[in-house]
Structure formats: structure tokens, C-alpha cells
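Hi,

Here is the model I promised to pass on. Have a look, and my notes follow below.

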Amino acid sequence: VQLVESGGGLVQRGGSLSLSCLASESTFGIDAMAWYRQAPGKQRELVAAISSGGTANYTDSVKGRFTISRDNAKNTVYLQMNSLKPEDTAVYYCNVGIYYSGTYFGLDYWGQGTQVTVSS
């Protein structure tokens with residue numbers, strides 16, 4: 001499966017951005033999808049994941065500010081980001097994976113990433 005992210009950009013602190021990830025094949029058959037991010041000099045981290053049933057999980061730093069959703073009819077997963085902070089600045093990547101025992105495991109399917117920059 002190929003993934004194409006879009007929606008990144010430059011925004012001021014407190015602003016909002018909405019990211020989209022379009023999959024090249026139907027997402028009905030995909031168990032779980034997620035968004036990761038990687039800031040300069042840091043490891044890639046899992047930001048949010050969503051199961052086929054719509055159950056979402058978030059890393060603590062974005063809880064209450066980010067919302068992940070998926071539209072299987074459009075083969076798309078979204079990440080709505082509100083109340084953005086400078087520390088949210090990173091390249092954001094879409095990923096396909098599975099849930100096992102309540103934990104998300106990413107498979108080796110990645111998009112090219114989209115840059116999010118939050119100015120202070």
C-alpha cells in the first residue's frame with residue numbers, strides 16, 4: 001500500500017492544522033492506521049493510532065489537542081491538530097499497522113511525510 005500525506009504547513013502557536021493521508025488501496029481491509037512524527041535530531045514517535053473499529057489512542061503530549069479519524073470510503077486517515085505548540089514541530093508520517101493486545105504495531109508502510117512547523 002502507498003500512502004500520501006498532505007496538509008502540513010506553518011502555523012502560529014495556538015493554531016490548527018488538519019493532516020490527511022490517502023491510501024492507494026481500500027482501508028476497509030487495514031486493521032489499524034497511525035500518525036508518527038519526527039523532529040530534528042529525535043527519534044520517530046507514535047502520535048496517534050486508530051483501529052478498524054474507530055478506537056483511538058494518543059501519546060500523552062497530544063491528548064485533548066489532536067484527533068485521529070478515518071474514512072474508509074475515502075481510503076483516508078486524518079489528524080486534526082488544535083492548540084498547536086512549537087514542540088509539535090516535526091515531519092508527520094502516516095503508517096499502516098495492526099493492534100495486538102491493545103498495542104499498535106506499525107508495519108513498514110510509510111508516506112513521504114508532511115512538514116508541520118509551529119512558530120512561537
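First, a term: buried means under 20% relative accessible area, exposed means over 50%, and partly exposed is in between (1.4 Å probe, protein chains only). Thr114 counts as buried because its relative accessibility is 10%.

Before the rest, some housekeeping. This is a predicted model, where local features need pLDDT of at least 70, side-chain atom pairs count only at pLDDT 80 or more, and totals for chains, interfaces and linings use all residues. Residues are numbered from 1 along each chain as its sequence is written, and side-chain values use heavy atoms, with hydrogens and water left out.

Back to Thr114, which sits in strand E11, residues 114-119. Strands here are DSSP runs of E, at least two residues, and helices are runs of H or I, at least four, numbered from the N terminus. A polar atom of the Thr114 side chain lies 3.1 Å from the backbone nitrogen of Gly8. Setting aside neighbours within four places in sequence, the contacts of Thr114 (heavy atoms within 4.5 Å) include Glu5, Ser6, Gly7 and Gly8, as well as Leu19, Ala90, Val91 and Tyr92.

As for the whole chain, it has zero helices and eleven strands. Its radius of gyration is 13 Å, close to the 14 Å from the globule rule for 120 residues, so the chain is as compact as a globular protein of that length. That radius is taken over C-alpha atoms, and the rule is 2.2 Å times the number of residues to the power 0.38. Buried residues make up 40% of the 120.

Cheers

Technical notes:
A polar contact is a pair of N or O atoms within 3.5 Å; within protein, one must be able to donate a hydrogen and the other to accept it, and residues adjacent in sequence count only if both atoms are side-chain atoms.
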